Amino acid sequence: GEPPNGVYDIDNGSVNVVGEDSQLITTLTAGNVFGEMAYFSDNRVRNATVVANSDVVLRRISGRDFEKLPVVMKIFRKIANRRFEEMKLQEDQ
């Protein structure tokens with residue numbers, strides 16, 4: 001429920017993404033990103049918590065830089081749209 005403060009790229013390690021009820025949504029590993037969905041949701045807040053499973057090396061794109069780079073926003077919008085669709089499919093099941 002917090003406002004976004006950046007988008008994160010996992011360089012090494014793995015993280016669990018958990019929902020409001022502490023239910024595991026997914027596990028992300030190196031090469032995956034998180035934090036982008038809050039920038040494209042209707043209310044612009046985070047909708048999950050990310051917890052490291054081990055030592056993790058992340059690269060962060062600040063919210064200010066993210067919003068100033070249209071090419072980067074376009075890439076992450078595609079990722080967010082795909083994740084929104086996956087969430088809808090899971091809800092329908």
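Serine 22 sits in the loop that links E2 to E3. In this predicted model, the phi of serine 22 is near 65°, a positive value in a residue other than glycine. Serine 22 is exposed, with a relative accessible area of 61%. Elsewhere, the largest nonpolar core has ten residues, and the largest pocket has a volume of about 810 Å³.

**The E2–E3 loop**

- Glutamate 20 also belongs to the loop between strand E2 (14–18) and strand E3 (24–29).
- Glutamate 20 counts as exposed, because its relative accessibility is 83%, and the cut-off for exposed is over 50%.
- Serine 22 is likewise exposed, because its 61% relative accessible area passes that cut-off of over 50%.
- From glutamate 20 to phenylalanine 40 the sequence separation is 20 residues, and their C-alpha atoms lie 19 Å apart.

**Positive phi**

- Most residues other than glycine have a negative phi.
- The loop between H1 and E5 holds arginine 44.
- Arginine 44 counts as partly exposed, at 36% relative accessibility.

**The three-stranded sheet**

- Three strands form an open sheet in the order E4-E1-E6, and the pairing is antiparallel.
- E4 and E6 are the edge strands, each pairing on one side only.
- Strand E1 (residues 6–12) pairs with strand E6 (residues 57–62) over six bridges, in the antiparallel sense.
- Along this pairing, aspartate 9 is opposite arginine 59 in E6.
- Asparagine 12 is opposite valine 57, also in E6.
- On the E4 side, two bridges join E1 to strand E4 (residues 33–34), and these strands run antiparallel.
- Here tyrosine 8 stands opposite phenylalanine 34 in E4.

**Nonpolar cores**

- In soluble globular proteins, nonpolar side chains tend to be buried together.
- The largest nonpolar core is made up of Val7, Val33, Met37, Tyr39, Phe40, Phe66, Met73, Phe76, Ile79 and Ala80.
- Helix H1 (37–40) and helix H3 (70–92) each supply at least two residues of this core.
- H3 gives the most to the core, with four residues.
- Another core, of six residues, lies apart from it, and includes Ile10, Val17, Leu28 and Phe34.
- Phenylalanine 40, a member of the largest core, touches Phe66, Met73, Phe76, Arg77, Ala80 and Phe84, leaving out residues up to four places away in sequence.

**Glutamate 36**

- Glutamate 36 is placed in the loop between E4 and H1.
- Is glutamate 36 buried or exposed? Glutamate 36 is buried, because its relative accessible area is 1%, and buried means under 20%.
- Neighbours within four places in sequence aside, glutamate 36 is in contact with Val7, Phe76, Ile79, Ala80 and Arg83.
- Among these contacts, Val7, Phe76, Ile79 and Ala80 are members of the largest nonpolar core.

**The largest pocket**

- This pocket has a volume of about 810 Å³.
- Its lining has 30 residues, and Val17, Ile25, Met37, Asn47 and Ala48 are the ones nearest the pocket centre.
- E2, E3, H1, strand E5 (49–52) and H3 are the elements that give two or more residues to the lining.
- Which element gives the most to the lining of the largest pocket? H3 does, with six residues.
- By class, the lining has 14 nonpolar, eight polar and eight charged residues.
- Met37 is one of the residues nearest the centre of this pocket, and Met37 also belongs to the largest nonpolar core.
- Val17 is likewise among the residues nearest the centre, and Val17 is part of the six-residue core.

**The second largest pocket**

- The second largest pocket has a volume of about 160 Å³.
- Its lining consists of Gly1, Glu2, Val18, Gly19, Glu20, Asn43, Val45, Arg46, Asn47, Ala48 and Thr49.
- Three nonpolar, five polar and three charged residues make up this lining.
- The exposed glutamate 20 is one of the lining residues.
- Asn47 and Ala48 line this pocket, and both are also among the residues nearest the centre of the largest pocket.

Technical notes:
Residues are numbered from 1 along each chain as its sequence is written. This is a predicted model: local features need pLDDT of at least 70, side-chain atom pairs count only at pLDDT 80 or more; totals for chains, interfaces and linings use all residues. Side-chain values use heavy atoms; hydrogens and water are left out. Buried means under 20% relative accessible area, exposed over 50%, partly exposed in between (1.4 Å probe, protein chains only). A nonpolar core is a set of buried Ala, Val, Leu, Ile, Met, Phe, Trp, Tyr and Cys residues joined through side-chain atoms within 4.5 Å. Contact means heavy atoms within 4.5 Å. Two strands pair if DSSP finds at least two bridges between them. On a 1 Å grid over the protein atoms alone, a cavity is a set of points where a 1.4 Å probe fits but cannot get out, and a pocket is an open set with protein on both sides within 12 Å along at least five of seven lines; lining residues have an atom within 4 Å of a point. Grid points are joined across faces, edges and corners, and a volume is the space filled by probe spheres set on the points. Ala, Val, Leu, Ile, Met, Phe, Trp, Tyr, Cys and Pro count as nonpolar, Asp, Glu, Lys and Arg as charged, and the others, Gly among them, as polar.
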